[in-house]
Amino acid sequence: MSLFDLLALTLVIFASRYLFLEPALPLRLNRHLRGMLRYAGPAVLTAIWGPVVFIHGEPGRFALALPELAAATLAALLAWRTHRVLLTVTLSMTLYFLLRLW
Amino acid sequence: MNAAPLPHPGRRLARGAVAIAPLCLAVVPWGLLAGSYAVGSGLSPLEGQALSLILFAGAVQLVVIGMAQDGASLAAMLLATAFITARHLLYGLSLRDRVGTLPLRWRLPLGFLLTDELFAVCTRHDAPAFDRWFMLGAGLVFYLVWNLATLVGVVMGETLPGIEGLGLEFAVAATFIAIVVPNLVDRPLWVAALSALVVAVLAAHLGIPGGLVLAALAGMGAGYVTEQVAP
């Protein structure tokens with residue numbers, strides 16, 4: 001990978017992060033877009049974790065696998081009841097690895 | 001709001017650092033993998049570390065290393081990168097009214113540090129009202145941990161036993177579940193998350209590229225429509 005490749009990739013990534021933070025960009029969010037953005041967090045993060053839990057194999061297909069399903073359920077319950085990220089991650093990962101070993 | 005004056009910037013930095021600590025835990029194995037995979041696929045240690053220092057984008061790094069090893073063209077790598085990184089546009093859009101009003105010396109570093117994890121801690125339901133020092137502290141700690149983990153991975157190289165098969169993805173999934181679930185405090189938020197879930201899984205199952213952004217937009221739209229129609 002050449003230095004030029006690295007710089008080109010950097011540019012694409014940085015642009016995607018920075019573009020809309022630039023006030024000189026002539027962009028005024030209308031009421032509807034602003035309203036949709038309230039849901040950006042849960043929507044994007046769920047779009048990331050969903051396939052990890054429900055897609056398996058190569059090429060990836062929808063499938064239910066006990067370790068992912070059980071550990072994700074435990075994570076959701078713990079998160080709902082305790083609101084504690086570290087506790088949730090630690091316990092659900094433990095269950096996940098136990099089920100995989102078993 | 002004319003509440004009590006904000007605490008010292010150092011304390012606000014530290015608050016951000018504490019808030020992102022659990023998310024750092026889940027990213028350490030990924031950093032190890034990014035480092036060991038880079039040197040294992042023929043990049044020099046310096047190049048491997050430079051990816052983490054400059055790109056600072058886990059998924060892109062792993063994909064690009066694999067593509068470079070297979071002799072992919074730069075155009076192909078840029079296209080794959082664009083697909084993976086497009087979700088950051090939504091983060092920028094969400095934070096535009098808060099970060100976009102800051103001076104350039106704040107916007108540039110906060111933009112550079114804007115990862116999934118940083119966005120997650122900044123938009124948690126119990127996150128403090130937007131605080132640039134909080135965001136900077138969280139972002140810097142995450143950057144540091146990512147790069148230290150990469151360094152260890154680079155140094156250990158191929159002696160690192162195959163950690164790919166251990167299910168690292170699940171660590172990230174558990175973290176995001178832990179962040180998202182407490183945020184679902186009303187019906188539109190539930191609809192947004194469930195819609196994104198269904199579309200993301202369906203798109204992945206069908207092998208549709210850009211499924212992540214598609215799913216995110218579907219979730220956002222569904223949440224907003226629910227809020228307007230049946231809150």
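A: Happy to! Helices (H or I, at least four residues) are DSSP runs, numbered from the N terminus. Axes are lines fitted to C-alpha atoms over the stretch in contact, and angles run from 0 to 180 degrees between N-to-C directions.

This is a predicted model, where local features need pLDDT of at least 70 and side-chain atom pairs count only at pLDDT 80 or more, while totals for chains, interfaces and linings use all residues. Residues are numbered from 1 along each chain as its sequence is written, chains are lettered from A and ligands numbered from 1 in the order in which they are written, and side-chain values use heavy atoms, leaving out hydrogens and water.

Now to the pair itself. In chain B, the axes of helix H2 (residues 45-55) and helix H8 (residues 132-156) come within 9 Å and cross at roughly 165°. H2(B) and H8(B) are therefore roughly antiparallel to each other. On the H2(B) side, the contact (heavy atoms within 4.5 Å) is made by B:Pro45, B:Gly48, B:Gln49, B:Ser52 and B:Leu53. H8(B) contributes B:Tyr143, B:Trp146, B:Asn147, B:Thr150, B:Leu151 and B:Val154. These residues divide into 6 nonpolar, 5 polar and no charged.

For context, residues 133-154 of chain B are among those listed as "transmembrane region" in an unreviewed UniProt entry. Over residues 133-154 of chain B the chain is 100% helix and 0% strand, with end C-alpha atoms 31 Å apart.

Technical notes. UniProt positions are given in the numbering used here, feature names are shortened, and annotations may be inferred rather than shown by experiment. Helices (H or I, at least four residues) and strands (E, at least two) are DSSP runs, numbered from the N terminus. Angles under 35 degrees count as roughly parallel, over 145 as roughly antiparallel, 65 to 115 as roughly perpendicular and the rest as oblique. Ala, Val, Leu, Ile, Met, Phe, Trp, Tyr, Cys and Pro count as nonpolar, Asp, Glu, Lys and Arg as charged, and the others, Gly among them, as polar.
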